[in-house]
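The sequence and structure are shown first, and the analysis follows.

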Amino acid sequence: MQSLKNKKLILISFGVFTPLIIINAKVNASSFGAEIFCTMRDGGNDHESSWDAAYTYIKKQKGGLFKVSPKNAAAQITETVIREREKFSYCVEYLDNLHPNRKLIRDLEKEEKRKEKEARDIENKRIKLEKELEETNKAISDEFTDETLDRYSY
């Protein structure tokens with residue numbers, strides 16, 4: 001009976017403390033990731049190198065089977081900067097680079113695909129017309145021999 005109570009107590013305590021440890025590690029990873037990003041940006045580094053450093057750190061700290069997506073890491077950095085506004089007050093101006101205008105990017109990609117399709121269609125029409133021209137020239141050359149084209153042969 002005593003052994004059963006001890007096992008239940010161990011399982012309950014394990015069930016309570018495990019999520020707290022995991023959540024705390026996630027908060028620390030995103031907090032330090034935000035610190036990396038903001039410090040590098042404030043130090044004069046460009047967005048890409050700062051983002052790569054922070055994202056790599058957050059991915060590494062997360063561990064486990066599933067990795068953190070770039071969108072999720074950007075959201076974590078943004079949340080940390082907003083939550084700790086007084087600590088990261090200098091970093092607010094850099095947050096717009098973490099969340100680019102996704103609609104604009106999608107529209108640009110659609111326009112690029114449309115132009116590529118248009119170029120392919122034009123190329124296909126050109127090839128088709130060249131084939132028709134070759135067939136027509138061949139048919140004409142087969143129909144008229146040198147004798148029929150001799151202008152002095154009446």
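Glu111 is partly exposed, with 33% relative accessible area; the class lies between buried, under 20%, and exposed, over 50%, with a 1.4 Å probe and protein chains only. The model is predicted, so local features need pLDDT of at least 70 and side-chain atom pairs count only at pLDDT 80 or more, whereas totals for chains, interfaces and linings use all residues. Residues are numbered from 1 along each chain as its sequence is written, and side-chain values use heavy atoms, with hydrogens and water left out.

**Salt bridges**

Seven salt bridges are found in a search of the whole structure, each defined by a side-chain nitrogen of Lys or Arg within 4 Å of a carboxyl oxygen of Asp or Glu.

| Pair | N to O distance | Relative accessible area |
|---|---|---|
| Arg114 and Glu111 | 2.4 Å | Arg114 41%, Glu111 33% |
| Arg114 and Glu118 | 3.1 Å | Arg114 41%, Glu118 43% |
| Lys87 and Glu35 | 3.4 Å | Lys87 42%, Glu35 28% |

Arg114 takes part in two of these pairs, with Glu111 and with Glu118. Arg114 and Glu111 are three residues apart in helix H4, about one turn of the helix. Glu118 lies four residues from Arg114 in helix H4, again about one helical turn. Helices here are DSSP runs (H or I, at least four residues), numbered from the N terminus.

The bridge between Lys87 and Glu35 links distant parts of the chain, the two residues being 52 residues apart. Lys87 sits in the loop between helix H3 (70–83) and helix H4 (102–143), while Glu35 belongs to helix H1 (residues 2–42). Both Lys87 and Glu35 are partly exposed. Together with Glu84, these two residues are linked in a network of salt bridges.

**Aromatic pairs**

A pair of aromatic rings is described by the distance of the centres and the angle of the planes. The whole structure contains two aromatic pairs, where rings of Phe, Tyr and Trp (its six-membered ring) pair if their centres lie within 6.5 Å. Trp51 and Tyr55 are stacked because their ring planes lie at 10°, with the centres 5.2 Å apart; planes under 30 degrees apart count as stacked, over 60 as edge-to-face and the rest as tilted. These two residues lie four residues apart in helix H2 (residues 47–62), about one turn of the helix. Trp51 is buried at 13% relative accessible area, and Tyr55 is buried at 14%.

**Nonpolar core and helix packing**

In soluble globular proteins, nonpolar side chains tend to be buried together. The largest nonpolar core has 18 residues, and those with the most contacts inside it are Phe37, Trp51, Ile77, Val81, Cys91 and Leu98. Such a core is a set of buried Ala, Val, Leu, Ile, Met, Phe, Trp, Tyr and Cys residues joined through side-chain atoms within 4.5 Å. H1, H2 and H3 are the elements that give two or more residues to this core. Not counting residues up to four places away in sequence, Trp51 touches Phe37, Pro70, Ala73, Ala74, Ile77 and Leu98, contact meaning heavy atoms within 4.5 Å.

The axes of H2 and H3 come within 10 Å and cross at roughly 100°. H2 is therefore roughly perpendicular to H3, a class that covers angles of 65 to 115 degrees. Axes are lines fitted to C-alpha atoms, for helices over the stretch in contact, and angles run from 0 to 180 degrees between N-to-C directions. Trp51, Ala54, Tyr55 and Ile58 of H2 make the contact with Pro70, Ala73, Ala74, Gln76 and Ile77 of H3.

How values were computed: Parallel < 35°, antiparallel > 145°, perpendicular 65-115°, else oblique.
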